[in-house]
Amino acid sequence: MLSNLWRSSVSGLLVVSLFGMLAPSLIAQTVGKGALTGRVTDASGGAVANAYVTATSIDSGQKQTASTGPDGMYKLDLPEGNYRVTFEAAGFKTLEISSATVSGTAPEILDGKLERGEAVNGSPALTQQENLPNAPSSSTTAPSLSDLGLSPEQTRGNPQEQALLDKRTHMLKIHQRMGLITTIPLVATVILGPGAGGKSEGTATRDLHVALGSLTGDLYGITAYYAIRAPRIPGTKKRGPIKFHEAMAWIHGPGMILTPILGAMAFSQKNNGEKVHGIAQAHGPVAIVTAGAFGAALLSVSVKF
Amino acid sequence: MNRKILIAFLFAAIPAFGADSQWVLQQSTLTYHVSHPLHQSEGVSHAAKGKGVCHAGQCEFLIAVPVKSFDSGDSNRDLHMIQVTRGAEFPLVTVRTRLPESDATASTINADLEIQFAGQTAHYQQVPFKVEKQGGETHISGTIPATLTDFKIDPPSLLTIPVKNDIPVRVDMTWRPQ
């Protein structure tokens, strides 16, 4: 009982001491940081997605921009201070809030209600067709995005597409690195090839050739997986060296399947003391073509010809 | 009678002198340049839209270009460019500048630019542009000394080697008064 009490007291003291040591640095980290958040809506209260919210520090002139999500929400992480905030969206008049104070205690909530861009002669909001670059500006002082005649597709941010692009890049980076790593055992396997299939009765070179070949196959499989599984971006027409890179995959892909099959046949024949014969004789040439296509694919996206 | 017509004409003419003048971007070529030890790449866009509004001797210009409109001739590189610059989330590059109306007649202008790109805002002071008048059109060309760090963009890499930080953007624009 006493022992438990002693143990809990020591633990409690340790926690308090640790907090005492860390608290100043934790406080130091949080002081000076704040956030501005809110929702951008149209006159009817509907969410305005892809509106640009820009906070300009009144003290330093530094600017930071965020765009609203599908629910019209935005968030800007800002140092404490006073800010001039502008809300901009295609088809709407720019709204400017001359002063908003950001403190480090709680996020400052600032909603923006946007009015549709005014057309000349007091007519209703400009429609997309009317919203041409040569239409008179909705502002007498500064032009706004709604004056430029950009289509909604051009101005609307798409977080889902960004996430898809991020995933694609992540997977293709792994694909690229694995491709480079695969090159090492691939080259070594090709170099050892003539020795493995020669007249020598020794099996050491042959075994090493098989081991390196297997490693190449495994690494190649991982490399291919990251290319095949990388997300496709809708509406993208392939242009440039990537077309050659992918065309080469139609050679080295089947080659990477065929080469070990033919190699296994050749290996079996050699181990039986036979001369490599029949279709197994194609192992070497197929491997050379496969390695060549793999090298060409690698170079096509690495070096500009 | 003639006097009345003259007075009516003068009253009608006064708003025209006091009215704002506007400029419209007729055509443009924007070219970014990326350097890598193995590659020198350029991406070109002709899709910029722009407008200038002049009031009381000062002109404010806004130019916007979709990030996706830049074409480097390699769809894979373009997609990667859109990803690193967060072009799907922030689809536009916008450039704002304010110039004295008298600059329209100068042969060179030095513009202070405010550029919003990749969710960040960067300022470039006194960027020189060459101005050429051709008929009713004004041709403006120059290079914006942009860098990746200006917009907090992680430099993309090829074969684990990152590209250089400098991404100068060559600007070639034709404006016409509205």
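Here are some notes for a first look at this predicted model, point by point.

1. **Chain A at a glance.** Start with the make-up of chain A: six helices and eight strands. If you walk along the sequence, the order is α-β-β-β-β-β-β-β-β-α-α-α-α-α. Of the 305 residues in chain A, 29% are buried. As for contacts in chain A with a separation of 6 or more, 63% of them link residues 24 or more positions apart.

2. **A strand pair in chain A.** E4(A) is paired with strand E1 (residues 33-42) of chain A; the two run antiparallel and are joined by seven bridges.

3. **H3 and H4 within chain A.** How do helix H3 (159-196) and helix H4 (residues 204-228) of chain A sit relative to each other? Their axes come within 8 Å and cross at roughly 160°. An angle over 145° counts as roughly antiparallel, so that is how H3(A) lies against H4(A). The crossing of H3(A) past H4(A) is left-handed. In the contact of these two helices, the residues divide into 18 nonpolar, 11 polar and one charged.

4. **Where chain A meets chain B.** The contact between the chains draws 43 residues from chain A and 37 residues from chain B. On the chain A side, four elements supply at least two residues each: strand E3 (63-67), helix H2 (152-155), helix H3 (159-196) and helix H5 (241-271). Which of them gives the most? That is H3(A), with seven residues. Sorted by class, this side of chain A has 14 nonpolar, 20 polar and nine charged residues.

5. **H3(A) against a helix of chain B.** H3(A) also packs on helix H2 (residues 75-84) of chain B, with the axes 9 Å apart and an angle of about 120°. H3(A) and H2(B) are therefore oblique to each other. Here too the crossing is left-handed, with H3(A) passing H2(B). From H3(A) come Leu165(A), Asp166(A) and Thr169(A), and they meet Leu79(B), His80(B), Ile82(B) and Gln83(B) in H2(B). That contact divides into three nonpolar, three polar and one charged residue.

6. **E1 in chain B and its partners.** Now over to the strands of chain B. Strand E1 (residues 21-36) of chain B runs antiparallel to strand E3 (residues 49-55) of chain B, with four bridges between them. In this pair, Ser21(B) is opposite Cys54(B). Strand E11 (residues 169-177) of chain B is joined to E1(B) by nine bridges, again antiparallel, and Thr29(B) faces Asp172(B) there. Strand E2 (residues 39-45) of chain B is another antiparallel partner of E1(B), through seven bridges. A hairpin of two residues links E1(B) to E2(B), and His36(B) stands opposite His39(B).

7. E7(B) and strand E8 (residues 137-144) of chain B pair in the antiparallel sense over six bridges, with Glu132(B) opposite His139(B). Their hairpin has two residues between the strands, and Gly135(B) takes a positive phi near 60° in it. E8(B) also pairs with E11(B), antiparallel and over seven bridges.

8. Ala122(B) belongs to strand E7 (residues 120-134) of chain B. Is this residue buried or partly exposed? Ala122(B) counts as partly exposed because 18 C-beta neighbours lie inside 10 Å, and being buried takes 20 or more. Beyond the neighbours within four places in sequence, Ala122(B) is in contact with Ile115(B), Asp150(B) and Phe151(B). Ala146(B) is 24 residues away along the chain, and its C-alpha atom is separated from that of Ala122(B) by 8.9 Å.

Conventions: Residues numbered from 1 in each chain as written. Chains lettered and ligands numbered in written order. Predicted model: local features only at pLDDT ≥ 70, side-chain atom pairs only at ≥ 80, totals over all residues. Contact = placed C-beta atoms within 7 Å. Nonpolar A, V, L, I, M, F, W, Y, C, P; charged D, E, K, R; others polar. Axes fitted to C-alpha atoms, helices over the stretch in contact; angles between N-to-C directions. Parallel < 35°, antiparallel > 145°, perpendicular 65-115°, else oblique. Left-handed = near helix turned anticlockwise from the far one by under 90°. Buried ≥ 20, exposed ≤ 12 C-beta atoms within 10 Å, placed from the backbone. Pairing = 2+ DSSP bridges.
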